[in-house]
Amino acid sequence: MKFGGTSMGDLERIRRAARIIAAEAASGKKVAVVVSAMAGKTNELVAWTDGAGPAAAGLPLSDDEYDVVVASGEQVTSGLLAITLRNMGLNARSWMGWQVPIITDDAHARARIVDIPGEKLAAAVDSGEIAIVPGFQGVTTDGKITTLGRGGSDTSAVAVAAAIGAPCDIYTDVDGVYTTDPRIESRARRLNKVSYEEMLEMASLGAKVLQTRSVELAMAKQVPVRVLSSFIEPDANGVMPDKGGTLICDEEEILEKRIVSGVTMSRDEARITLLGLADRVDAPADVFTRLAEANVNVDMIVQSQARTAGTVNLTFTTGRRDAVRAAELMTAAKEQLSFEEIRVDEDVAKVSVVGVGMRSHAGVAQLMFQALADKGVKFQAISTSEIKISVLIDAAYAELAVRALHSAYGLDAV
């Protein structure tokens with residue numbers, strides 16, 4: 001079981017989570033729990049580290065000590081939840097990341113899990129103990145605390161589930177995965193099942209329900225993940241009602257495969273265009289090598305003929321956070337790359353349709369473009385995979401496009 005920051009937001013919400021855990025334990029299940037810090041706490045801790053000031057000249061960044069500070073939020077909620085469960089008469093104990101241990105690489109602030117020897121934790125859970133594990137944190141082989149990057153508690157939960165051979169229930173402030181954001185389209189429907197691949201695409205394209213790395217890990221380790229609401233309550237007898245939610249599982253477990261399962265939207269996009277780029281065979285390779293070396297992720301790419309003979313216009317998209325850095329890199333290399341002008345546009349959005357049914361159905365793209373055309377929405381770039389189509393559009397039309405596509409694919413009737 002995993003409870004996010006909203007579910008751990010204060011003592012009353014921690015008590016509600018404890019009642020849910022107690023009901024699961026009373027039903028005969030053996031339970032391990034992963035928790036996030038209280039909502040907003042990690043931001044506060046990060047602000048404190050920023051307030052401490054930059055490293056002195058000639059000294060490296062204190063990323064290892066940054067991790068010590070920001071990992072403390074989950075330690076607090078782990079202890080509070082364990083205390084609350086004990087006060088209810090249950091056998092509970094908190095396990096810090098270094099006690100499990102959750103072993104990671106040494107990339108502080110963005111570490112990746114290398115291994116979780118789950119024997120001790122599994123033995124404790126098998127004995128009837130409710131084990132509370134802080135999400136987001138781990139430890140290097142030489143004993144230094146690390147953190148997994150924002151949203152890393154989802155990854156922690158899936159990794160712990162894989163280590164002890166259990167399914168993973170993720171309790172959050174929504175009751176499942178929807179066909180689109182219900183705040184944009186009131187007719188959005190909750191999906192009973194979503195394949196790992198669909199969820200991975202949806203998470204990477206703007207859906208905020210699960211962190212992308214957690215879905216990757218669940219798919220790799222074949223861990224069934226269920227997204228549930230943390231605001232449900234056990235009844236007067238301590239029994240949980242039908243929890244509903246959405247199961248993320250292997251595609252083969254979904255009997256009726258939809259052509260499209262969801263429509264997502266991301267406003268965290270920027271479009272960068274190099275105008276009058278020299279039409280050399282190696283020019284695009286030069287551009288994207290420089291971006292890759294600076295760890296700038298690029299998504300959509302479009303090349304078109306320019307007005308000037310012997311030149312092309314090269315357009316690509318990246319996240320807004322990376323846009324300034326990408327533009328600086330391109331400007332600094334203007335002479336070597338040989339282009340006339342650079343333009344950056346952050347007033348764009350990416351709208352995508354996702355579904356495993358695309359593999360075996362024709363006309364999915366045609367329907368998408370027709371639905372957008374009917375609403376007067378022009379697209380600026382396109383990217384596709386086997387199970388998704390994304391278009392870049394003017395940000396002002398993003399919500400209109402989502403609603404149009406949701407209706408076009410019949411998702412309001414799922």
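I am working with a predicted model, in which local features need pLDDT of at least 70, side-chain atom pairs count only at pLDDT 80 or more, and totals for chains, interfaces and linings use all residues. Residues are numbered from 1 along each chain as its sequence is written, and side-chain values use heavy atoms, with hydrogens and water left out.

**Helix pair.** I looked up α2 (residues 41–51) and α3 (residues 63–70), whose axes come within 9 Å and cross at roughly 145 degrees (axes are lines fitted to C-alpha atoms, for helices over the stretch in contact, and angles run from 0 to 180 degrees between N-to-C directions; helices are DSSP runs of H or I with at least four residues, and strands are runs of E with at least two, numbered from the N terminus). In the contact (heavy atoms within 4.5 Å), I find Leu-45, Val-46 and Thr-49 of α2 meeting Tyr-66, Val-69 and Val-70 of α3.

**Sheet.** I then followed an open sheet of four strands in the order β13-β18-β20-β19, with antiparallel pairing (two strands pair if DSSP finds at least two bridges between them). I note that β13 (262–266) and β19 (379–385) are the edge strands, each with a single partner, so one side of each has no neighbour in the sheet. Between β18 (residues 348–354) and β20 (residues 388–394), which run antiparallel, I find seven bridges, and Val-353 stands opposite Ile-389 in β20.

UniProt, in an unreviewed entry, places "domain: ACT" at residues 272–356; its positions follow the numbering used here, feature names are shortened, and annotations may be inferred rather than shown by experiment. Over residues 272–356 I read 33% helix and 38% strand, with the end C-alpha atoms 31 Å apart.
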